[in-house]
Amino acid sequence: MADLCPPYAPFFGFAGVSAAMIFSTIGAAVGTSKAGIGIAGLGTFKPELIMKSLIPVVMSGIIAVYGLVVSVLIAGSLKPDGYALSAGFAHLGAGLACGLTGLSAGYAIGYVGDSCVRAFLNESKVFVSMVLILIFAEVLGLYGLIVALIMNTATVDMTC
């Protein structure tokens, strides 16, 4: 029984909390910065289009919220005593699932946002396509959130 709940088991749970927050926030930061560069370029030519072009920046921020939600849920499941090693690994996997998909979604939103905002400067018909592609990029992070939630709820029975 003692080897199923070693004292270092919560380390893996906290590593999952960190992975969810750090990677998803890096993805959101990259997405915001890349899309912001495109918006800054657009703003010098057509300032009236800036508000419509903020969609990629808002969507990048949502990616960071996914990581925050998962990290709070995992941290709420951590206990100082009776925390199984299997629960630690499951929480690490949940954090990595959310964090790494958030990282990839942030990159996708950033690159698509930058390119589409610059194209929106020349052709207004690009706007609908931009929003659709950004939604598909955002769904990558949403899939990671769903997988992390499933993995976190599976750890309810993993106690010592």
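Which pattern does the protein chain follow when read along the sequence? In this predicted model, the order of elements along the protein chain is α-α-α-α, and the secondary structure accordingly amounts to 4 helices and 0 strands. The radius of gyration of the protein chain is 19 Å, well over the 15 Å that the globule rule gives for 160 residues, so the chain is more spread out than a compact globule. Along the principal axes, the C-alpha trace of the protein chain spans about 65 × 20 × 15 Å.

Of the 160 residues in the protein chain, 42% count as buried. When contacts between residues at least 6 apart in sequence are considered, 86% of them join residues at least 24 apart. The accessible surface of the protein chain comes to about 8000 Å², and carbon and sulfur atoms account for 76% of this area. Charged side chains in the protein chain comprise 6 positive and 7 negative ones, with the centres of the two sets lying 17 Å apart.

An unreviewed UniProt entry carries the annotation "domain: V-ATPase proteolipid subunit C-like", which covers residues 16–74 and 92–151. In the model, residues 16–74 are 85% helix and 0% strand, and the end C-alpha atoms of this span are 8 Å apart.

The relative accessible area of Gly113 is 0%, and because a residue counts as buried under 20%, Gly113 is classed as buried. Once residues up to four places away in sequence are set aside, Gly113 touches Ala35, Pro56 and Leu134. The C-alpha atoms of Gly113 and Met130 are separated by 7.3 Å, although the two residues are 17 residues apart along the chain.

Notes: Residues are numbered from 1 along each chain as its sequence is written. This is a predicted model: local features need pLDDT of at least 70, side-chain atom pairs count only at pLDDT 80 or more; totals for chains, interfaces and linings use all residues. Side-chain values use heavy atoms; hydrogens and water are left out. Helices (H or I, at least four residues) and strands (E, at least two) are DSSP runs, numbered from the N terminus. The radius of gyration is taken over C-alpha atoms; the globule rule is 2.2 Å times the number of residues to the power 0.38. Buried means under 20% relative accessible area, exposed over 50%, partly exposed in between (1.4 Å probe, protein chains only). Contact means heavy atoms within 4.5 Å. Accessible areas come from the Shrake-Rupley method with a 1.4 Å probe; for residues, only the protein chains shown count as cover. Lys and Arg count as positive and Asp and Glu as negative; His and the chain ends are not counted. The place of a charge is taken as NZ of Lys, CZ of Arg, CG of Asp or CD of Glu. UniProt positions are given in the numbering used here, feature names are shortened, and annotations may be inferred rather than shown by experiment.
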